[in-house]
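User: I am new to this structure and would like to go through it with you. Could we begin with the surroundings of the ligand?

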Amino acid sequence: MTRYDAVVIGAGQAGPSVAFSQAAQGRRVAIVEMAEPGGTCLNHGCRPTKALRASAVVAHSARRAADFGVHVGEVRVDFGQAIGRVHTLIDGMRAGLQQAIDEAENLDYVHGRARLVGDPTGAEHRVVVTADDGSEQELTTSEVYLNVGNRASIPPIDGLEHVPYLTEVELLALSELPEHLIIVGGGYIGLEFGQMFRRFGSEVTIVAGGGIAAREDPDVQQILTDLFTDEGVRIVEGRPSRVSGDTSGVSVEVPEVGTITGSHLLIATGRRSNSDQLGPDTGLETDAHGFVLTDDRFATNVPGVWALGDVNGRGAFTHTSYQDGDIYLHPPRTVAGRVTTYAMFTDPPLGRVGMGLQEARESGRRVLKAEIPMASVSRAKLESETTGVMRVLVDADTEEFLGATILGLQADDVVQVIGVAMQAGVRYPIVRDALPIHPTVSEFFPTILAALTPLD
Ligand SMILES: Cc1cc2nc3c(=O)[nH]c(=O)nc-3n(C[C@H](O)[C@H](O)[C@H](O)COP(=O)(O)OP(=O)(O)OC[C@H]3O[C@@H](n4cnc5c(N)ncnc54)[C@H](O)[C@@H]3O)c2cc1C
């Protein structure tokens, strides 16, 4: 048994910064990780997918090169080389984090799966860590920081347990391009992978119950549906009732359309909390999805236990998880009132902050809308990237920004103009009257904010 001043479970986005900070204050800290440092984002989430996306964007640009007066000859994708590039980048980043952990004073890296045992109401918490070989060690501490994240949620489809389906983890471990990738799920993970693999040359079918990007505004859904269809991705609206197959191929029965056969099956139907991995008697209060409930400074109902990142259900992104750690380390900051911004890295990307159309309509406020198609944005025209729309919603009475939806060139960055304005409580006339740089996408915020119309 080893005693620590603090034990961090999970070396994802929030855990390492909390561990480094505590250790730097001279406290004895352990960080327990059952897989690899860096968590989902570094190992099989944001970063490898965005690195792979870069190859897909290059392939797409190369195919369009002649439109720009550049002739590159036949475009051939070497998937093995593209994924090799990803692994090289990620291995380097992971090694850098591992080195920083190993070199930090007062910080021990403990590899294994942690669970909380004993009386959760006691002043000392007991953390049992099971290593890959089954051996166990016990850590005791008065402070536990949970940064255990989430994992792919596997839907109850008949036959699925007998099929070698992929999640993002296995997909990113492939070295050969799937001939026909069937993706169940039309959220951001399914769409990002779907577009990439299509651009690499796979046949791609996306099966999505409510259509793709179902949480986004209807015009965004339609633009993405048209974009994906034009690129040759087949979108099937329906819910699989049964799957069968083996390593040589899979069949997915979708009552609405019939049977779809492919070479690989990716399940991307949402995420579930890893809190269930912490043992049956944690005493932690969770919601119906297993997210650990916390107060605005991430304290759980169990004294001496905090929950940071995806596991607390207050965000589902790397930036929210990382910021949880930052907020915790800088009292009296709290997470209350955080304006969550996110992007979906299709090409072009979707940038989102605050309310969408439906939420704005249901808000009971008088809402004004500022909108322009990307086809009218000069920078987008200059780059022949005219797919998409820019939309900003404001409160007619308070002049507050309510939200922004930007699908189009550089939207992942451009949306942050409104995100920062919202976080800072800036009223829309300030942005309307600001001097923008020409020719940029953001230069259209002043233009559209000068022509607001009531939201129907
Ligand atoms: C394919 C994909 C693409 C994504 N793209 C983006 C993106 O572009 N931008 C973005 O912001 N977000 C993206 N995300 C989401 C992002 O990866 C997560 O929101 C983020 O990683 C959450 O960080 P976290 O620290 O809360 O948890 P994680 O990063 O999941 O870290 C949790 C860690 O805890 C460990 N762990 C769990 N249980 C235990 C236990 N009992 N004992 C020991 N260790 C344990 C896990 O092994 C893991 O390393 C993507 C996710 C996926 C799957």
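Predicted model: local features only at pLDDT ≥ 70, side-chain atom pairs only at ≥ 80, totals over all residues.

User: Which residues come nearest to the ligand?

Analyst: Among the 39 residues around the ligand, the nearest are Gln13, Glu33, Thr40, Lys50 and Asp310.

User: What does Glu33 do there, in terms of distance?

Analyst: An N or O atom in the side chain of Glu33 is 2.6 Å from an oxygen atom of the ligand.

User: And how far is the backbone of Asp310 from the ligand?

Analyst: A polar backbone atom of Asp310 is 2.8 Å from an oxygen atom of the ligand. For Cys41, a polar backbone atom lies 3.2 Å from a ligand oxygen.

User: Which element gives the largest share of the shell?

Analyst: That is H2, with 4 residues. Helix H2 spans 39-44, and other elements that give two or more residues include strand S3 (29-33), helix H3 (46-63) and strand S5 (113-117).

User: Which domains does the shell draw on?

Analyst: At least three residues come from each of domain 1 (2-151 + 272-329) and domain 2 (160-269).

User: Changing topic to S5: which residues are on its covered face?

Analyst: Ala114 and Leu116 form the covered face of S5, while Arg113, Arg115 and Val117 form the uncovered one.

User: What is the bridge partner of Leu116 in S6?

Analyst: The partner is Val127. S5 and strand S6 (residues 125-130) pair in the antiparallel sense, over 5 bridges.

How values were computed. Residues numbered from 1 in each chain as written. Heavy atoms only, no water. Near = heavy atom within 4 Å. Polar contact = N/O pair within 3.5 Å; in protein donor to acceptor, adjacent residues only side chain to side chain. Domains from an automatic or database assignment. Buried < 20%, exposed > 50% of the residue type's maximum accessible area, 1.4 Å probe, protein only. Pairing = 2+ DSSP bridges.
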